[in-house]
Amino acid sequence: MNYTEQYVKEILQKVINDLDEWRGYESYYDKEIPFKAYYHDDDKNLYDKSIIKHAWRVKATVPKDGWKGGFIIIHIDDDTGKAITYMNSALGGRPITLPLETDKNGTYFIPPDALPQ
């Protein structure tokens with residue numbers, strides 16, 4: 001393990017903040033429930049189906065509040081320390097895992113060509 005549980009939780013908060021700014025609206029999740037992080041060896045990337053040798057899955061809880069509830073989940077490559085996928089299971093319909101990229105300033109975003117039509 002190259003990165004700590006605290007570090008990957010901070011990356012989740014950064015991804016949420018960066019995507020909020022990129023999209024122009026605030027993500028809905030329960031700020032009172034601590035993020036949860038799980039380390040895995042040989043974990044499957046749910047976007048491109050590749051195997052991530054050393055990975056973290058980090059999630060924020062979305063409360064059941066008129067919606068189905070669920071989680072905001074990111075996948076972090078433990079070898080690079082970067083978030084590589086994003087998924088919000090609380091949105092309507094089947095959850096879609098999307099890739100994450102960073103710009104030259106290190107700000108996370110979802111590539112426009114990966115967004116559902």
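Predicted model: local features only at pLDDT ≥ 70, side-chain atom pairs only at ≥ 80, totals over all residues.

User: What makes the contact between Glu5 and Lys9 a salt bridge?

Analyst: The closest N and O atoms of Glu5 and Lys9 are 2.9 Å apart. The definition asks for a side-chain nitrogen of Lys or Arg within 4 Å of a carboxyl oxygen of Asp or Glu, so the term applies. Both residues belong to helix 1, four residues apart, which is about one turn of the helix.

User: Why is Glu5 called partly exposed?

Analyst: Glu5 has a relative accessible area of 39%. Buried requires under 20% and exposed requires over 50%, so a value in between is called partly exposed.

User: How do you know that Arg23 and Asp20 form a salt bridge?

Analyst: Their side chains meet at 3.3 Å, N to O, and the cut-off is 4 Å. Arg23 and Asp20 also both lie in helix 1, three residues apart.

User: What makes Asp43 and Arg57 a salt bridge, and where in the chain does each residue lie?

Analyst: The closest N and O atoms of Asp43 and Arg57 are 2.9 Å apart, and the definition requires them to be within 4 Å. This pair links distant parts of the chain, with Asp43 in strand 1 (residues 36-44) and Arg57 in strand 2, 14 residues apart. Asp43 is buried because its relative accessible area is 10%, whereas Arg57, at 24%, is partly exposed.

User: How many salt bridges does a search of the whole structure find?

Analyst: The search finds six. Among them are Glu5 with Lys9, Arg23 with Asp20, and Asp43 with Arg57.

User: How many residues has the largest nonpolar core, and which have the most contacts inside it?

Analyst: The largest nonpolar core has 23 residues, and Val15, Ile74 and Leu100 have the most contacts inside it. Helix 1 (5-23), strand 2 (51-62), strand 3 (70-77) and strand 4 (82-88) each supply at least two of its residues. Helix 1 gives the largest share, six residues.

User: Which residues does Ile74 touch?

Analyst: Not counting residues up to four places away in sequence, Ile74 touches several residues, including Val15, Trp56, Arg57, Tyr86 and Leu100. Such a contact means heavy atoms within 4.5 Å.

Conventions. Residues numbered from 1 in each chain as written. Heavy atoms only, no water. Core = buried A, V, L, I, M, F, W, Y, C linked by side-chain atoms within 4.5 Å. Buried < 20%, exposed > 50% of the residue type's maximum accessible area, 1.4 Å probe, protein only.
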